[in-house]
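Morning, everyone. Please have the sequence and the model open while I talk.

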Amino acid sequence: MLHPLRRRRARGILRGTQHPRSVLFLCTGNICRSPYAEKVFGRFLSDGEKAAVEVFSAGFLGADRRSPEEAVVAAALRSVSLDSHRSRTVDRALLSRADIVVAMEVDHLRRLRSVQGSEPLPSILLGDLDPETPRRREIQDPWGHPPEVFDASFDRIDRCLGELAKLAYSRAAPETPASPGLGHPGD
């Protein structure tokens with residue numbers, strides 16, 4: 001019931017930050033959701049936008065951790081490599097590079113406020129952009145769950161990233177990557 005209102009609010013924030021030069025994806029540990037979003041977002045941008053937009057990710061837990069094997073495998077099935085990813089912790093220096101912050105959970109937005117200081121950045125919850133009506137507002141953290149949860153989380157991230165690209169860069173989003181086994185042009 002609240003999804004249309006939250007979606008409208010997120011769209012308004014994106015209209016105010018048309019063509020951001022840098023996008024920070026934020027999740028808890030920066031080992032599953034945000035690194036996947038960082039790697040995939042470029043698929044929704046034109047070649048010129050890819051060259052002009054810095055995309056990066058961070059989390060709130062310790063730095064230099066690898067993505068879990070389940071995330072690496074689920075991403076690889078979508079032609080996305082998380083093999084070389086190492087987590088990093090969000091801080092003011094990293095935030096100073098971002099034009100907009102895209103978080104996975106409401107708690108991430110709350111925790112972000114304590115790191116930002118007095119100059120808050122435009123920030124949205126990625127799940128608020130879901131073109132479908134979701135059961136939950138947040139993108140579920142798949143860490144510690146079976147492969148199906150990784151697939152569902154990554155499917156939802158794909159849908160929402162398409163909307164983010166369309167709204168932030170005023171262009172039609174391409175077809176989102178299909179789930180493993182469903183076949184996607186170009187896979």
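This is a predicted model: local features need pLDDT of at least 70, side-chain atom pairs count only at pLDDT 80 or more; totals for chains, interfaces and linings use all residues.

Val-72 has a relative accessibility of 12%. The cut-off for buried is under 20%, so Val-72 counts as buried.

Where does Val-72 sit? It belongs to helix H4, residues 69-76. Set aside the neighbours within four places in sequence, and Val-72 is in contact with Ser-67, Leu-82 and Asp-83. For a distance, take Ser-84. Val-72 and Ser-84 are twelve residues apart in sequence, and their C-alpha atoms are 9.7 Å apart.

Now the whole chain. The protein has seven helices and four strands. From the N terminus, the order reads α-β-α-α-β-α-α-β-α-β-α. There are 187 residues, and 50% of them are buried. Take the contacts with a separation of 6 or more: 73% of them join residues 24 or more positions apart.

Next, the sheet. Its four strands form an open sheet in the order E2-E1-E3-E4, with parallel pairing. Strand E2 (54-58) and strand E4 (123-125) are the edges, each pairing on one side only. From one strand to the next, the twist averages 20 degrees.

Strand E3, residues 100-103, runs parallel to E4, and three bridges join them. Which residue of E4 is the bridge partner of Val-101? That is Ser-123.

How many of its nine residues are buried? Eight are, and H2 is mostly covered. The buried set is Arg-33, Ser-34, Pro-35, Tyr-36, Ala-37, Glu-38, Val-40 and Phe-41. Note that Arg-33 and Glu-38 are on that list. The cover over these residues includes E1, E2, H4, helix H6 (106-116) and H7.

That brings us to helix packing. Two packed helices are described by the angle between their axes and the distance between the axes. For H1 and helix H7, residues 147-169, the axes come within 8 Å and cross at roughly 45 degrees. That angle makes H1 oblique to H7. The crossing of H1 past H7 is right-handed.

Who meets whom? From H1 we have Arg-7, Arg-11 and Leu-14; from H7, Glu-163, Leu-164, Leu-167 and Ala-168. By class, this contact has four nonpolar, no polar and three charged residues.

Last topic: backbone angles. Most residues other than glycine have a negative phi. Asn-30 is not a glycine, yet has a positive phi of about 55 degrees. Asn-30 is in the loop between E1 and H2. Asp-64 has a positive phi too, near 70 degrees. Asp-64 lies in the loop between E2 and H4.

Which of the two is buried, and which is exposed? Asn-30 is buried, with a relative accessible area of 0%. Asp-64 is exposed, at 57%. The cut-off for exposed is over 50%, so Asp-64 falls in that class.

That's the tour.

Definitions and conventions
Residues are numbered from 1 along each chain as its sequence is written. Side-chain values use heavy atoms; hydrogens and water are left out. Two strands pair if DSSP finds at least two bridges between them. Helices (H or I, at least four residues) and strands (E, at least two) are DSSP runs, numbered from the N terminus. Axes are lines fitted to C-alpha atoms, for helices over the stretch in contact, and angles run from 0 to 180 degrees between N-to-C directions. Angles under 35 degrees count as roughly parallel, over 145 as roughly antiparallel, 65 to 115 as roughly perpendicular and the rest as oblique. A crossing is left-handed if the near helix is turned anticlockwise from the far one by less than a right angle, and right-handed if clockwise. Contact means heavy atoms within 4.5 Å. Ala, Val, Leu, Ile, Met, Phe, Trp, Tyr, Cys and Pro count as nonpolar, Asp, Glu, Lys and Arg as charged, and the others, Gly among them, as polar. Buried means under 20% relative accessible area, exposed over 50%, partly exposed in between (1.4 Å probe, protein chains only).
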